[in-house]
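Take a look at the sequence and the structure below. This walk goes from ring contacts to strands, and then to a helix.

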Amino acid sequence: MSALTRDEAQLRAQLLDVHRYTLELDLTTGDETFDSRTVIRFTARTAGDTFVELKPAELRAVTLDGEPLDPESLDDGRLPLKNLSAGEHELRVDAAMRYSRTGEGMHRFTDPSDGETYIYTQMFMDDVQRVFAAFDQPDLKAVFEVSVTAPEGWTVLANGITERRGDGVWQAAPTPLISTYLVAVAAGPWHSVRTEHRGLPFGIHCRRSLAPHLEADADEILDVTRACFDRYHEKFEEPYPFDSYDQAFVPEFNAGAMENPGLVTFRDDFVYRSAVTDTERQTRAMVIAHEMAHMWFGDLVTLKWWDDIWLNESFAEYMGYQTTAEATRFTDPWTEFGVTRKAWGYDADQRPTTHPVAPEKVDDTASALLNFDGISYAKGASALRQLAAWLGEKDFLAGINTHFNRHKFGNATLADFIDSLASATERDVHAWADSWLRTTGVDKLTPLVSTADGTCTLTVDRAGSRPHRLTAGLYDHDVADQGRLVLRERLDLDIPHSAPQPIGKRPALLVPNDGDLTYAKVRFDPESFETIRAGLSGLPDPVTRAVVWNALRDAVRDGELAPAAYLETARAHLPRETDLALVQGVLAFASGQIADQYLKPEDRPAALATLTTLCRDLLRRTEDGDHPGLRLIAVRHLISVAAHPDTIAAWLADGIVPGGPELDPELRWRILGRLAVLGATDETAIAAELERDPSATGQEGAARCRAALPDPQAKQAAWEAMFAGDDLSNYLFTATAQGFWQPEQADLVRQYVPRFYPDAVAVAARRGPAIAAAAARWAFPAHAVDTENLRLGEACLQGADPTPALRRTLADRLDDLARALRARGEHEAPVEQGADAE
């Protein structure tokens with residue numbers, strides 16, 4: 001399928017004005033295909049040729065203005081419309097379309113718990129064409145009128161309020177002007193909780209088998225939804241622009257969620273069937289806030305072309321975190337942003353595949369799809385947080401409201417947005433945009449202290465080119481408790497323009513970017529670094545601790561801090577940490593990257609022992625039952641780093657961790673997966689657990705465990721399931737890949753390392769972007785930290801012509817591999833990615 005190019009889209013937008021789509025979808029025609037009938041009413045401004053996109057199983061009939069077109073003229077997903085006259089036209093398309101099992105287009109899922117079937121759309125980028133014929137580009141907005149024929153007992157959800165008309169037909173209210181990729185349908189025997197807020201119908205929906213779990217959290221989900229809705233109406237002058245607000249938690253969803261107007265779809269992992277931490281609940285709240293922000297950023301005002309993805313995602317990310325903090329009980333989401341999301345952005349921005357937040361030109365849709373990454377989300381949100389600090393909240397919101405007013409129900413570009421902001425301030429927003437949004441890489445900020453006549457002066461050295469408005473934190477040891485650090489003061493600085501600042505006596509610790517208001521690497525002077533190693537847990541503010549932990553993490557990745565030193569710092573300070581996001585983030589990096597990749601195999605057992613001891617310290621600290629979230633994190637990670645099966649096998653046999661918690665399905669599968677890695681379970685036990693938990697999550701758990709068994713036949717079966725057949729859904733593919741590679745089994749799976757590259761190229765070409773990304777992310781042999789694996793990967797990129805989705809993710813994984821080799825001292829030093837690198 002040819003990707004739509006920017007030039008083609010511009011030409012088509014100059015030619016056409018699209019008015020209305022009338023869609024009739026019939027979901028009663030079998031398990032493999034559904035019927036799609038489309039009527040498109042449009043105007044050609046001048047005479048000319050164009051095309052409509054469609055990826056059918058069978059194209060039955062096409063008429064243009066009542067005259068038949070040859071279905072055989074469909075070529076590579078494009079149906080030519082030749083010799084259009086200027087004026088009004090009507091295109092009718094009748095086709096059978098294939099259901100998807102990969103979360104793209106119209107995804108069909110049958111719940112193994114009860115045999116019920118559910119269908120939902122994910123139409124992002126090129127996937128509209130898997131569902132109906134369309135002029136598929138974001139700046140050809142239209143009204144959509146959708147009807148769906150569904151089996152008896154099903155409910156149909158759509159962008160607008162739906163009504164059942166009889167004979168299984170459901171009619172959705174016509175939408176306002178929206179882009180093709182935002183059309184949405186979800187159909188099945190949903191369990192629904194409905195309410196009304198500010199005169200609008202609100203609803204949350206999930207599979208019937210998840211009904212008890214949705215009911216348990218319905219009040220929390222709806223409270224967050226209402227609170228965010230009200231807060232956005234305080235921020236934004238333009239009211240919510242659609243007729244209802246439904247949130248559907250759908251199975252096997254590839255993303256976290258999708259901002260379809262009036263019908264947001266979420267991965268149904270957010271319907272928690274096992275115990276979760278408060279940070280995970282906070283994440284769900286943030287995703288709700290993020291997707292609701294899209295109703296304005298993306299849905300009301302939509303990017304003109306995909307080079308402005310950041311206008312959607314960066315704003316929703318920033319607004320999601322900020323509004324969660326302002327409107328919900330989760331008052332500190334910026335700590336989780338700092339330790340998790342921001343780390344994602346820093347990593348992405350230091351790779352060879354980095355790109356500007358707002359690239360000047362994205363050539364086609366295949367290239368655009370690759371930019372939904374840590375830069376468009378986390379770096380972009382960080383830039384906007386910095387912009388809000390630089391402009392002030394009042395002017396920032398004034399510019400946003402001007403933008404909505406100028407472009408509502410239309411499309412806009414970066415230039416349009418900057419003009420709107422500039423109308424609200426005297427500051428040079430255009431220059432700010434050039435330095436922040438058009439450049440790549442990460443600045444580095446290092447405090448420099450000079451002493452003269454007993455008085456210290458602070459300057460902040462900047463490696464890079466961006467201006468930064470930030471605060472520098474000065475901390476002293478607490479006189480009464482030397483284990484604690486107390487804030488002396490925070491200095492407001494404008495880098496590079498601030499003059500050297502007198503700071504009196506030398507503080508014990510200087511933290512550039514205290515408060516985490518800008519986006520930059522942070523380093524420490526030698527005295528501050530010694531204070532960190534001794535007193536990190538004594539810092540009073542979790543956001544400050546997140547800044548410090550991020551700096552240590554980044555120093556490890558840059559080869560400036562020994563991996564063992566990071567582990568020592570975690571061992572010393574994590575047992576006293578109170579913020580759940582920090583504990584989770586530090587443990588995830590320590591186990592998943594340091595122990596599994598950055599340390600040599602002979603050093604890994606000692607690292608696992610250190611992490612086991614750390615987790616046991618956390619368990620002892622939480623024996624009083626006052627910290628269930630912290631205890632849950634400790635239990636999860638102790639399972640994951642267990643080097644011997646006895647303790648966790650006893651937990652599984654007893655169904656409980658001594659002192660709690662009782663084992664829920666998630667913990668049982670986690671233990672069984674680790675026992676499989678250690679060779680301490682077998683197929684009989686896996687089958688028994690699956691009989692105990694036959695849910696979709698149970699099916700994934702079983703696939704993960706089977707692939708993890710240290711048995712040649714199990715490995716062969718898992719490999720063939722992933723790469724030889726096309727039957728695995730996106731989630732089952734991922735689960736199998738997660739189980740396959742294990743550091744403890746390096747010798748057993750060594751033969752599969754060279755097989756990965758040609759097999760991944762082949763499966764990506766056959767099965768499309770979702771499986772390509774899953775193969776590169778999860779099936780990549782990350783444990784094989786050696787120069788031969790790196791050579792094989794580089795040869796694949798140079799000669800095998802992988803699909804764009806595979807190429808990008810594979811390039812990222814190879815960069816991570818090279819960093820791991822450098823951390824082991826087995827590869828050349830990295831090239832520094834500066835902020836003004838292009």
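Start at Tyr 99. The charged end of Arg 108 sits over its ring, 4.9 Å from the ring centre. Now find Trp 334. Arg 385 lies over the face of Trp 334, at 3.9 Å from the ring centre. Keep in mind that this is a predicted model.

How many aromatic pairs does the structure hold? There are 51 aromatic pairs. Tyr 120 and Phe 253 form one that is tilted. Their centres are 5.8 Å apart, and the planes make an angle of 50°.

Where do the two partners come from in the chain? Tyr 120 belongs to strand β9, residues 117-122. Phe 253 is in the loop between β17 (245-250) and β18 (257-258). They are 133 residues apart, so the pair links distant parts of the chain. Are these two residues buried or exposed? Tyr 120 has 0% relative accessibility, so it counts as buried. Phe 253 has 1%, so Phe 253 counts as buried too. The cut-off for buried is under 20%.

Next come the strands. Strand β22 covers residues 444-452, and strand β23 covers residues 455-463. The two run antiparallel and are joined by 9 bridges. Pick out Leu 448: its bridge partner in β23 is Thr 459. β22 and β23 form a hairpin, with 2 residues between them. Asp 453 is in the turn, and its phi is positive, about 55°.

β22 has a further partner, strand β28, residues 521-522. Here the strands run parallel, and 2 bridges join them. Leu 445 stands opposite Val 522 in β28. In a regular strand the side chains alternate between the two faces of the sheet.

Finish at helix α12, residues 542-557. This helix has 16 residues. From its first C-alpha to its last, α12 reaches 22 Å, close to the 22 Å expected at 1.5 Å a residue. How many of its residues are buried? The count is 16 of 16, so α12 is mostly covered.

Asp 541 caps the N-terminal end of α12. One of its side-chain oxygens lies 2.9 Å from the backbone nitrogen of Val 543. After the helix comes Gly 559, with a positive phi near 75°.

Methods. Residues numbered from 1 in each chain as written. Predicted model: local features only at pLDDT ≥ 70, side-chain atom pairs only at ≥ 80, totals over all residues. Heavy atoms only, no water. Helix = DSSP H or I, 4+ residues; strand = E, 2+ residues; numbered from the N terminus. Expected span 1.5 Å × (residues − 1). Buried < 20%, exposed > 50% of the residue type's maximum accessible area, 1.4 Å probe, protein only. Polar contact = N/O pair within 3.5 Å; in protein donor to acceptor, adjacent residues only side chain to side chain. Pairing = 2+ DSSP bridges. Phe/Tyr/Trp six-rings, centres within 6.5 Å; stacked < 30°, edge-to-face > 60°. Lys NZ or Arg CZ within 6 Å of the ring centre and 35° of its normal.
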